[in-house]
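Work through the exercises below with the model open beside you. Try each task before reading its solution.

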Amino acid sequence: MDEHKDKPLSPYLAGGLSGLVLIASVWIAGKYFGASTTFVRSAGMIENLFAPEHVAQNAYFLKEAPLVDWQWMFVLGIIIGSLIAALTTGSFRLRAVPDMWQGRFGSGRASRAGAAFLGGVVAMFGARLAGGCPSGHGLSGSLQLAVSGLVALVCFFLAGVVMARLIYGPGGGR
Amino acid sequence: MKLLLGLITGLIFGYLMQRARVIRYDKQLGALRLQDMTIVKFMLSTVMVGMVGVYLLHDLGVVKLSIKSFDLAAVILGGLIFGLGWGLVGYCPGTASGALGEGRLDAAWGMLGMLVGAGLYAEAYPALSASVLKWGQLGKITLPQALGLNHWLIIGLFILAGALLFWWFEKKGL
């Protein structure tokens, strides 16, 4: 499909630089990377518009209050940072269906949107049960050698490989 | 100030993830189909660099660790549920945000699903905290504590194993 003119950064370099950014964040702000709690807070904010009494009584929203905190701004920053990178390298594309998905299921937008939505529901439920996502457990947990982070990361990939195989079938062919 | 730091940290992280392409569906499924290890290279590089820096600063008494407790059943079950959802949506919470920034509309559907998943988890939380979340609470343990070994020995072995894995990826063209 459309090949981008920009040359990608090496994942080793970009990953290593991200490690330095993380160290600086822990040093300066005392904050480790994470993303999934932000979705809890945001869900609480949205529910607050319709049923504030319900949110006020929920034990989980008492634990993770519906407010904008460091991590919420961090996730907002990811969206804007990626937008800036995409615009400045000419790689911004409005696309509804990824190439690999299109190769398997065609260019129908509705089926991809439905799968993405359903996958999102399941993934977030699991991340909250596990206590974190690939950022909080996978990066921040693993680099502190937390047993919870390392075990979660292995489980993420194991089940992810199973689902990928269910969707695309076995074998390495594209 | 905390909020501004969160935004800046996210901006840089989002920029780096976009430039290394790790926020794309094709890259995440590429890893889960064991065809393209770009995201694994990125994550492990972040972890290896972050590990050395954070533990060094911790030994100097400058930073605190933030270990998530290892609730055995919740981490394993939640991790596996996350992985199944991740294989379907093709984005984790952090990368979905980045993918939205570079114009991927399916990531928006995924994030909408994640908000719903977070809301569902909040509803299920009272029942879960009386059951699954209680099973096998092993506390905030790290690998060095669990094994009774010096953390620098484990960090050294981790980096050696990571380097060998990178070498193998490059040899196999993954």
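**Exercise 1. Chain A as a whole**

What share of the contacts in chain A with a separation of 6 or more comes from residues 24 or more positions apart? Describe the fold and the burial as well.

Solution. This is a predicted model, in which local features need pLDDT of at least 70, side-chain atom pairs count only at pLDDT 80 or more, and totals for chains, interfaces and linings use all residues. Residues are numbered from 1 along each chain as its sequence is written, while chains are lettered from A and ligands numbered from 1 in the order in which they are written.

Step 1. Residues 24 or more positions apart then account for 48% of the contacts in chain A with a separation of 6 or more.

Step 2. List the elements. Helices (H or I, at least four residues) and strands (E, at least two) are DSSP runs, numbered from the N terminus. Chain A has 9 helices and 0 strands. Its pattern along the sequence is α-α-α-α-α-α-α-α-α.

Step 3. Box the C-alpha atoms. Along the principal axes, chain A fills roughly 50 × 40 × 35 Å.

Step 4. A residue is buried if 20 or more other C-beta atoms lie within 10 Å of its own, exposed if 12 or fewer, and partly exposed in between; C-beta atoms are placed from the backbone. Of the 174 residues in chain A, 56% are buried.

**Exercise 2. The interface**

Describe the side of chain B that touches chain A.

Solution. Step 1. Count the residues: chain A gives 111 and chain B gives 104.

Step 1. Find the sources in chain B. Helices that each supply at least two residues include H1 (2–19), H3 (38–59) and H6 (105–129). H6(B) brings the largest share, 19 residues.

Step 2. Sort by class. Ala, Val, Leu, Ile, Met, Phe, Trp, Tyr, Cys and Pro count as nonpolar, Asp, Glu, Lys and Arg as charged, and the others, Gly among them, as polar. The side of chain B that touches chain A has 63 nonpolar, 30 polar and 11 charged residues.

Step 3. Pick a pair of helices. H8(A) and H3(B) have axes 8 Å apart, at an angle of about 35 degrees. Axes are lines fitted to C-alpha atoms, for helices over the stretch in contact, and angles run from 0 to 180 degrees between N-to-C directions.

Step 4. Name the partners. Gly138(A), Leu139(A), Ser142(A) and Leu143(A) meet Met43(B), Thr46(B), Val47(B), Gly50(B), Met51(B) and Val54(B).

**Exercise 3. H5 against H6 in chain B**

At what angle do the axes of H5(B) and H6(B) cross? Then follow Ala96(B).

Solution. Step 1. The axes come within 8 Å and cross at roughly 140 degrees. That makes H5(B) oblique to H6(B), as angles under 35 degrees count as roughly parallel, over 145 as roughly antiparallel, 65 to 115 as roughly perpendicular and the rest as oblique.

Step 1. Pro93(B), Ala96(B), Ala99(B) and Leu100(B) in H5(B) meet Ala107(B), Ala108(B), Gly110(B), Met111(B) and Met114(B) in H6(B). By class, the contact has 8 nonpolar, 1 polar and no charged residues.

Step 2. Ala96(B) sits in helix H5 of chain B. It counts as buried because it has 36 C-beta neighbours inside 10 Å. The C-alpha atoms of Ala96(B) and Met114(B) are separated by 9.7 Å, and the two residues are 18 residues apart along the chain.

**Exercise 4. Two loop leucines**

Where do Leu145(A) and Leu34(B) lie, and is each one buried or partly exposed?

Solution. Step 1. Recall the background: most residues other than glycine have a negative phi, and most peptide bonds are trans.

Step 1. Leu145(A) has a positive phi of about 60 degrees. Its place is the loop between H8 (134–143) and H9 (147–168) of chain A. Leu145(A) is buried, with 25 other C-beta atoms within 10 Å.

Step 2. Leu34(B) also has a positive phi of about 60 degrees. Leu34(B) lies in the loop between H2 and H3 of chain B. With 15 C-beta neighbours inside 10 Å, Leu34(B) is partly exposed.

Step 3. Look back at H2(B), which Leu34(B) follows. In H2(B), 8 of its 8 residues are buried. Their cover includes H6 (99–105) and H9 of chain A, together with H3, H4 and H5 of chain B.

Notes:
Contact = placed C-beta atoms within 7 Å.
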